Amino acid sequence: MYSVMKAIILAGGVGERLWPLSRPQHPKQFLNLHSEQSMLQDTLARVQGLDVSGYTVVAAEDHRFLVAEQLRQLDIQADILLEPAGRNTAPAIALAALQARPDEVLLVLPADHVISEAEVFRTAVKLGLEPAEAGKLMTFGIVPDSPATGYGYIRTCADAQRTESVFPVAEFVEKPDIARAKAYLASGEYLWNSGMFMFRADRFLNVLAHYRPDIMAACRDALRGRREDLDFQRIDIEAFTACPAESVDYAVMEPLCADDPDAVAVIPLEAGWNDLGSWPALAGELETDQQGNRTEGTVLAFNSRNCQIHSQSRPVATLGLENLLIVDTQDALLVADRDQSESMKALLAKVKADSRFSDVPHGTVHRPWGKYRCIDMGNGYQVKRITVNPGGRLSLQKHQQRAEHWVVVSGIAEVTKGEQCFLLEKNQSTYIPIGGVHSLANPGKMPLELIEVQSGEYLGEDDIERLEDVYGRSKGG
């Protein structure tokens with residue numbers, strides 16, 4: 001039987017096709033799309049029902065504080081590997097495998113999947129442990145219920161419609177057109193490629209080194225040059241950016257299946273799986289009213305049919321609409337024909353190139369001490385809502401071009417202002433002049449919420465001079 005199993009959570013995606021809900025600064029895996037927890041948190045909770053020795057989360061450097069905060073909320077300790085650039089799944093898995101014990105079985109899971117029947121999933125994982133320990137590269141194939149063209153497929157050597165069995169994999173197949181997808185579904189030999197894997201760390205690394213020694217070498221160099229930073233491990237930038245970007249399917253699974261049909265095995269899975277990579281996929285998780293509308297948030301769809309409407313912060317009413325996708329966030333609005341939703345990447349390319357969109361600050365910004373959100377801005381002023389976690393402390397700092405006025409909304413604030421140190425409670429405030437040395441901390445057991453009004457000729461985040469910082473930062477953010 002297996003010696004030890006470690007969960008590897010891949011959380012580095014950007015979720016472009018769910019714009020404007022999912023953004024590069026706050027992508028879909030960190031959003032509460034399907035439950036009261038984020039998709040990353042749901043993935044971690046799903047694994048907690050298994051006997052795992054530990055967790056490794058591979059994420060983008062820009063999302064480090066998001067990951068740390070969401071782990072803290074679940075009281076989970078994990079290794080957090082920070083990718084300085086996205087290089088797809090093969091290098092991400094290689095980094096985690098190089099850090100693991102050679103005999104550890106790695107359960108590799110994307111952080112952006114929905115699995116509504118968690119116990120069925122855990123049963124499948126347990127079924128795959130023994131063959132993984134014996135050297136098989138295991139994957140989990142989703143039993144298809146439609147001729148989907150948005151997924152890759154796995155062809156098995158038997159009737160794959162049966163679950164709770166292990167089948168050899170004949171080949172991995174790219175996303176098909178509709179005709180081939182219908183043929184795959186009718187044959188009973190094909191499963192959707194879920195992107196979930198399980199294998200021994202040493203077995204995966206040996207196969208990777210055989211087929212893609214360039215990826216293996218780059219990841220070794222990148223990990224060798226890593227440095228510790230708070231709870232994070234920063235991967236060497238130069239070595240990792242030189243690594244080819246490749247999926248684990250292309251780099252390992254496809255060539256291995258072609259050379260050794262007995263090396264890769266799949267477990268068919270029917271566990272309410274969904275890859276929330278697009279608006280149609282998310283629609284499948286929403287209830288439908290009598291007119292075929294799927295809504296989330298405060299929405300009134302009047303005389304409207306077959307619309308998908310998401311309201312993040314304010315009421316949305318529609319009249320006489322049909323087959324539209326409407327996504328209303330605090331700082332952007334999308335209105336689209338639902339039949340055009342698969343063209344989101346083309347639209348996003350236009351959005352990125354348009355300064356009217358790219359210059360708008362987005363949503364919540366996470367920091368090691370908590371988070372803030374810009375709620376209003378204009379010529380010479382900016383208003384933020386700031387949340388400081390219990391025990392959190394902002395750096396001792398000063399600004400050369402802006403003044404700040406703080407108003408406590410809830411909680412207790414410990415304010416350092418020059419030589420003074422004092423407490424502020426709800427409805428109390430203080431003023432920080434330009435150039436004034438100051439700091440802010442939360443000594444309480446509940447989150448500290450305050451409104452910050454900044455005023456000055458320049459309000460950029462780089463106007464900060466840190467004098468002391470418990471998080472070891474020297475500038476910016």
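Analyst: Before we start, a word on cover: a residue is buried under 20% relative accessible area, exposed over 50%, and partly exposed in between, using a 1.4 Å probe and protein chains only. This is a predicted model, where local features need pLDDT of at least 70, side-chain atom pairs count only at pLDDT 80 or more, and totals for chains, interfaces and linings use all residues. Residues are numbered from 1 along each chain as its sequence is written, and side-chain values use heavy atoms, with hydrogens and water left out.

User: Thanks! Why is Cys 257 called buried?

Analyst: Its relative accessibility is 2%, so Cys 257 falls under the limit for buried residues. Cys 421 has 53%, which means that Cys 421 counts as exposed.

User: How many disulfides does a search of the whole structure find?

Analyst: The count is 0. A disulfide would need a pair of cysteine sulfur atoms within 2.5 Å.

User: What makes the pair of Lys 384 and Glu 461 a salt bridge?

Analyst: The rule asks for a side-chain nitrogen of Lys or Arg within 4 Å of a carboxyl oxygen of Asp or Glu. For Lys 384 and Glu 461 the N to O distance is 2.4 Å, so the pair qualifies. Lys 384 lies in strand β22 (residues 381-388) and Glu 461 in the loop between β29 (448-456) and β30 (465-468), so the bridge ties together parts 77 residues apart in sequence. Strands here are DSSP runs of E with at least two residues, helices are runs of H or I with at least four, and both are numbered from the N terminus. Lys 384 is buried because its relative accessible area is 4%, and Glu 461, at 30%, is partly exposed.

User: How many salt bridges does the rule give, and where do Asp 112 and Lys 28 sit?

Analyst: The count comes to 21 salt bridges. One of them joins the side chains of Asp 112 and Lys 28 at 3.1 Å, N to O. Asp 112 is in the loop between β4 and β5, and Lys 28 is in the loop between β1 and α1, 84 residues away. Both Asp 112 and Lys 28 are buried.

User: Why are Glu 119 and Arg 122 separated by about one helical turn?

Analyst: They are 3 residues apart in helix α4, so about one turn lies between Glu 119 and Arg 122. In general, an α-helix has 3.6 residues a turn, so residues three or four places apart point the same way. The side chains of Glu 119 and Arg 122 meet in a salt bridge at 3.1 Å, N to O.
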